[in-house]
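Biologist: I have the sequence and the fold open side by side, and I'd like to go through how the pieces pack. Could you walk me through it?

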Amino acid sequence: MTRPTRVLVTGAGGQVGVDLVDVLAGAVPPGGNSHFQPDGQVIDADEFEVLGVTRGDLDVTNEDQVRSALAATRPDVVVHLAAYTAVDRAERDREACYAVNAAATGTLSTNAHDVGAHLITISTDYVFDGTKGDYVEGDITNPLNVYGDSKRAGELLCRAEDTVVRTSWVVGVRGTSVVHVIADRARRGQAVRFVNDQRGTVTVAADLARALVALVRARPGGCWHVANEGATTWFDLAAFVGRTLGRGDDFATPIATSELSPAPLARRPAASDLNTTKFARDFSSLPPWRESLERVVRDAPRGVRS
Ligand SMILES: NC(=O)c1ccc[n+]([C@@H]2O[C@H](COP(=O)([O-])OP(=O)(O)OC[C@H]3O[C@@H](n4cnc5c(N)ncnc54)[C@H](OP(=O)(O)O)[C@@H]3O)[C@@H](O)[C@H]2O)c1
């Protein structure tokens, strides 16, 4: 009998991490789709040995801790999800942001290589400036904000054999994404205003987790764009969440980014939607964003406060 593939997941308590740990264990996370697996292979409960670590177990900015953890556990694959994800706060907290998103990613890459593990790390659509849209993996990066620049720096510190997954607008049932805030307002009978001049690709965490399992199996190396099918705007997304919860057309009002008050600290790209043709060709497309988001909205817990 072959032994399970040992997978160490950093950031296991985060939005993507909780879903990935479930999926690797053969479970279906809330908001997940048991019929969707991009490589078409069933996930057996004993296929993977999952070592999910949170900041309390392993601070990824501590090189000694990273070295010891990898030497002690000797994983086959490291999925590096730990990240500084507060995009606006990063503008005033540059050092901490680069320490996690750039330097620690380089440390993970080096130490994974040293123990013979394959590294899969997650990057973002915010490496792009949003002037083009429909971005493919080889497009030129030009981040507009500290978070995007720190993630690009992390990509550049990876080895050629590492797998870099760029994803975007991630929403999970167990996260604290904007979708929870929109759903809560819809349920409380309130209205929302959302920008209609930022276009992107939604990624449901449970679907991303299944894509990551396919990449854990294949260990392809190189850069991959992974998101649900179809681009949208924040306004369209908010209106869709409202409609899913029975609200009418008056629930969401479109506004321009320039109307946001106070203005966010970080600039956002206008069109950073990811072209996922490469992943679709070698695996399969993720479901259309509305189909997966509907599941998230229906499964999301009530009572979130904005
Ligand atoms: N969310 C999105 O829309 C989005 C879009 C594109 C790409 N991504 C990328 O996708 C990946 C997963 O994101 P996510 O949405 O799951 O983010 P998340 O919910 O913010 O989770 C990130 C996790 O990293 C942990 N972490 C932060 N600093 C750490 C450190 N020094 N050592 C160990 N753990 C640390 C956090 O722990 P604490 O809670 O203790 O801080 C948190 O559990 C990240 O690489 C992110 O950049 C996310």
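This is a predicted model: local features need pLDDT of at least 70, side-chain atom pairs count only at pLDDT 80 or more; totals for chains, interfaces and linings use all residues.

Biologist: OK, and what about α3 and α4, how do they run relative to each other?
Modeller: The axes of α3 (residues 94–114) and α4 (residues 146–156) come within 7 Å and cross at roughly 25°. Angles under 35 degrees count as roughly parallel, and that makes α3 roughly parallel to α4. The crossing of α3 past α4 is right-handed.

Biologist: What sort of residues sit in that one?
Modeller: On the α3 side the contact is made by Arg94, Cys97, Tyr98, Asn101, Ala102 and Thr105, and on the α4 side by Val146, Tyr147, Asp149, Ser150, Lys151, Ala153 and Gly154. The contact of α3 with α4 divides into six nonpolar, four polar and three charged residues.

Biologist: Which residues of α2 and α3 meet?
Modeller: Glu63, Val66, Arg67 and Leu70 in α2 meet Thr107, Leu108, Asn111 and Ala112 in α3, and by class the contact of α2 with α3 has four nonpolar, two polar and two charged residues. As for the geometry, α2 (residues 63–73) and α3 pack at an angle of about 30°, with their axes 10 Å apart, which makes α2 roughly parallel to α3. The crossing of α2 and α3 is right-handed.

Biologist: Switching to the strands now: in what order do the six strands of the open sheet come?
Modeller: The order is β2-β1-β3-β4-β5-β10, and the pairing is parallel. The edge strands are β2, at 48–53, and β10, at 222–225, each of which pairs on one side only. Neighbouring strands of this sheet are turned by 20° against each other on average, with direction ignored.

Biologist: How many bridges join β5 to β10?
Modeller: Four bridges join β5 (residues 163–167) to β10, and these strands run parallel. If you want a pair to find on screen, Arg166 stands opposite His225 in β10.

Biologist: And which strands does α1 touch?
Modeller: Helix α1, residues 15–24, packs on the sheet and touches β1 (5–10), β2 and β3 (77–80), while its direction makes about 160° with that of β2.

Biologist: Stepping back to the whole chain, how many helices and strands are there?
Modeller: The chain has nine helices and 14 strands. Its radius of gyration is 19 Å, close to the 19 Å that the globule rule gives for 306 residues, so the chain is as compact as a globular protein of that length.

Biologist: What box do the C-alpha atoms fill?
Modeller: Taken along the principal axes, the C-alpha atoms of the chain fill a box of roughly 55 × 40 × 35 Å.

Methods
Residues are numbered from 1 along each chain as its sequence is written. Side-chain values use heavy atoms; hydrogens and water are left out. Two strands pair if DSSP finds at least two bridges between them. Helices (H or I, at least four residues) and strands (E, at least two) are DSSP runs, numbered from the N terminus. Axes are lines fitted to C-alpha atoms, for helices over the stretch in contact, and angles run from 0 to 180 degrees between N-to-C directions. Contact means heavy atoms within 4.5 Å. The radius of gyration is taken over C-alpha atoms; the globule rule is 2.2 Å times the number of residues to the power 0.38. Angles under 35 degrees count as roughly parallel, over 145 as roughly antiparallel, 65 to 115 as roughly perpendicular and the rest as oblique. A crossing is left-handed if the near helix is turned anticlockwise from the far one by less than a right angle, and right-handed if clockwise. Ala, Val, Leu, Ile, Met, Phe, Trp, Tyr, Cys and Pro count as nonpolar, Asp, Glu, Lys and Arg as charged, and the others, Gly among them, as polar.
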